[in-house]
Amino acid sequence: MKLLIALVCAVSAQLASAQALTCPDKNILYWQAFPPGGESDLSARHQQVVLHKKCPNVETVIQYKAGAGGGLMWAQMNQLPGDGYNVVGINLPHIVLQPLEGEVQYKTADVTPVFWFHFTPDALVVPEASPHKTFKDFIDAAKKNPGKMNLGGSGLNSANHVSHERLNALFGVKTTYVPYKGTGDMSLAVVGNQIDGAVTYTAFAINNKAKVRALAVAMEKRHPLLPDVPTFRELGVDWVDGAFRGIGVPKSTPPEQRAKLAQLWLALNNDAEMKELAAKSGFELINVGTAEMDAFMKDKVRVYTESAKTLNLGKK
């Protein structure tokens, strides 16, 4: 009897959840600011699969407009229809740091976030063929060859760019940052042993485990999928940081449409299949919706503006 009651309760909860989810009545155009093959693209593909499962009559049509480390898309997002069916992938700290540099055609306030769904910790990786087997090997080589070691990353004034400058500052080395349009482009150079390594994310290290070697991760504890890789804290510095991924909309999108999209993305994050996909790919799911957005963004703008000054990013 108890088992039957438990099953009934479980089914009732699922039905209530299904009823609470309002599916869009049209297909969603999901605009990506980076080329195919990177973490943002992989995230969108996961969401595309889960959304179709929850809303079989809805297709998520992924569009790409890459350039300027994401800045090209974000400068144009307010030109899209504010109909609740045009959604743009956005990233932190990118949308704070890029306007500080003054070389993009948008300001942070021009971007309207409605939901942050991922946090991905920073990671330092080298090609599998690299002679540097440990983080100490890498730092020793960098000190012996100042300015000669090249580290790839996704975009300028991005999370990867911040990671590079922080690495140099914290460990007293001088390496050269090589920006790519996105992680997908960068991966070819790293896997092909064309550069010495990359300042990237745990997700990249996990999804390319057989092709690259992670040397350190910016987490409080070691990543369960990278158990042999030390944290930067273990290496003597207080470095816990990474990138946030979310969705934004054109400013003309009505508040009620923003709220519906936030509820939809929350439902995606709470789906068991999404949790499994995220865990396998090294993504950490977070839920920051419209209710928490103002406080969250105020804090992140403050933190990243201070970081930019410390790391000599932004206007010189």
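This is a predicted model: local features need pLDDT of at least 70, side-chain atom pairs count only at pLDDT 80 or more; totals for chains, interfaces and linings use all residues.
Residues count from 1 along each chain as its sequence is written. Local features need pLDDT of at least 70, side-chain atom pairs count only at pLDDT 80 or more, totals for chains, interfaces and linings use all residues, and side-chain values use heavy atoms, with hydrogens and water left out.

**View A. Helix 2 meets helix 9.** Helix 2 (residues 39-54) packs against helix 9 (residues 255-270) at about 100°, with the axes 10 Å apart (helices are DSSP runs of H or I, at least four residues; strands are E, at least two; axes are lines fitted to C-alpha atoms over the stretch in contact, with angles from 0 to 180 degrees between N-to-C directions). That makes the pair roughly perpendicular (65 to 115 degrees). On the helix 2 side, Gln47, Val50, Leu51 and Lys54 make the contact (heavy atoms within 4.5 Å); helix 9 brings Leu264, Trp265, Ala267 and Leu268.

**View B. Around Ile95.** Skipping neighbours within four places in sequence, Ile95 touches Trp74, Tyr106, Thr108, Val111, Trp116 and Met297.

View C. Arg222 pairs with Glu234 at 2.9 Å, N to O (a salt bridge puts a side-chain nitrogen of Lys or Arg within 4 Å of a carboxyl oxygen of Asp or Glu).

Methods. Angles under 35 degrees count as roughly parallel, over 145 as roughly antiparallel, 65 to 115 as roughly perpendicular and the rest as oblique.
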